[in-house]
Structure formats: structure tokens, C-alpha cells
Amino acid sequence: MKELHGVMAEVISLLRFQAQLGVDGYPKEILSALPKGARPLEEIEKDALRCEQCRLCETRNKVVFGAGDPNANLMLVGEAPGAEEDKQGVPFVGRAGVLLTKILKSIQFEREEVYIANVLKCRPPENRDPIPAEVEACEPFLIEQIATIKPKIICALGAHAARTLLKLGPSTSIGSLRGIIHNYQGVPLIATYHPAYLLRSPDKKRDTWEDVKFLRRLYERTMEQENS
Ligand code: SF4
């Protein structure tokens, strides 16, 4: 696994380097050479649980790998575990998690039928923003999770998750990414505010409601196409 993790980290570095050079799109010939969906989630999780690829392993209590239906059609990706997640080893279980569950319910999704993960699997101290080296080290786990789950739609929660998945620069705001169907390796991706941000900025809840209604419509359309 260490070798695979290293290969994927190198691929991600290459993607970032190409983005810095202004090269458009993903080098698909490289990505398609990787064993997509080759490993069950349990195997990937085992590697994450013993991972020491970045310094967050020194301060974490628990690795927060992900939770939900491994065959989910909808996958939500957040930024990193917070204090409660770090205690329990489960994503989105604190106040932000309660809000996320309510948001999902408002568009007729139960938590158990979606899959929820973060870009970082270990909590940054004091909930500080992830640093690029941590994202680079941890992203291969997320890439493998997505490749295994094969969601039909991805929803990025917050700017960090959206920028990581879409390979965008640090100045891209979440506001500029909302209301657009983005493309993550052929999977439609939409972006909205992180529930933790909504707790601090409740005035953004109305925008989030618009985003999740948009997500529900996109989900229904995508599933209709899948089933036709
Ligand atoms: S954050 Fe990710 S890369 Fe860093 S130690 Fe945790 S699992 Fe490993």
C-alpha cells in the first residue's frame, strides 16, 4: 500500500504542477493507469488507520476515514475532522454534523444512504486550515474512496474540499463555485458551504437551501438517466 500511496501522491503533485503551469484538464492517461476501484473500502481504511504520512498523525486521537453506504450514489466531501469527530472516529458528528443531517433530510436523504468523507482523515490542531503538504499526503485516500464507491454525484462541502477535488487555486471562493455543475473525473460535482461555516454565518443558510435543492434535482435527473 505504501507504494500505491506514494504513486498517487506523485500523481497529485504532477497535477498541481501542471495546474501551476496553466495546463488545462487532467492527464487522464496517467490517472487511468491507476487501479481504479481495485480495493475494497475496508482495505483502504486499514491503511488510513495506521497512516503516518503527515504530522497530523502525532496529534490525532482517531483517524476519521469515512462513513455511510459504500455503494452510495451521493458522496459528500468535507474538509477535515473536528474535535468530536477526532474523539469518535466518525465524520460530521458534532454540531456541524447535526446540521448536515438536517440538511440531508430536508432533501429526502438519510445519512445512511450517502457516503461522507473528508479530504483530511486526521484533525488539524485547533481546527486550523489544512496545509498543502497535508492535503497532498492525504488526498490519495480520498481518490481511492471515490474510485471504489463510484458515486453518481459528489457534493463538496466548503472551499477546501471543492478546491482540492477540482484542483483550483487557494483564492477560489466557495461563492464562485456554487450553482454550477463541475466535473470530477466524469462525475458531476456541486459545491456548497460547509455546515461548520453555516453555524458561524447563518445568513448563508438560504443560499445553502438553494444549493441542496439544486443537488436534489441533479440527483433525480442523473438517476433517471442511469435507469433509462
Ligand atoms: S491526515 Fe491523512 S496523510 Fe496525514 S496522517 Fe492522517 S491519514 Fe495520514
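What follows is a short chat about this predicted model.

Visitor: How many helices and strands are there in the chain?
Guide: Let's start with the overall make-up. Buried residues account for 36% of the 228 residues, and 72% of the contacts with a separation of 6 or more join residues 24 or more positions apart. As for the elements themselves, the chain has 9 helices and 6 strands.

Visitor: Is α3 roughly parallel or antiparallel to α6?
Guide: Take the angle. Helix α3 (residues 41-49) packs on helix α6 (residues 132-149) at about 170 degrees, with the axes 10 Å apart. Angles over 145 degrees count as roughly antiparallel, so α3 is, relative to α6, roughly antiparallel.

Visitor: Which residues of α3 and α6 make the contact?
Guide: By type, the contact residues split into 4 nonpolar, 2 polar and 1 charged. On the α6 side they are F141, E144, Q145 and T148, and on the α3 side L41, I44 and A48.

Visitor: Which residues are closest to the ligand?
Guide: The shell around the ligand divides into 10 nonpolar, 1 polar and 3 charged residues. Its largest share, 3 residues, comes from α6. Of the 14 residues that surround the ligand, the closest are C51, C54, C57, C122 and C138.

Visitor: Which element gives the largest share of the largest nonpolar core?
Guide: That core has 51 residues, and M75, V77, C155 and A156 touch the most other members. Leaving aside residues up to four places away in sequence, M75 touches V114, Y115, I146, I149, P151 and I154. The largest share of the core is 7 residues, and the element they come from is α6.

Visitor: Which residue just after α7 takes a positive phi?
Guide: Step just past the end of α7 and check the backbone there. The phi is about 55 degrees, and the residue that takes this positive value is K167.

Definitions and conventions:
Residues numbered from 1 in each chain as written. Predicted model: local features only at pLDDT ≥ 70, side-chain atom pairs only at ≥ 80, totals over all residues. Axes fitted to C-alpha atoms, helices over the stretch in contact; angles between N-to-C directions. Helix = DSSP H or I, 4+ residues; strand = E, 2+ residues; numbered from the N terminus. Parallel < 35°, antiparallel > 145°, perpendicular 65-115°, else oblique. Contact = placed C-beta atoms within 7 Å. Nonpolar A, V, L, I, M, F, W, Y, C, P; charged D, E, K, R; others polar. Near = placed C-beta within 6 Å. Buried ≥ 20, exposed ≤ 12 C-beta atoms within 10 Å, placed from the backbone. Core = buried A, V, L, I, M, F, W, Y, C linked by C-beta atoms within 7 Å.
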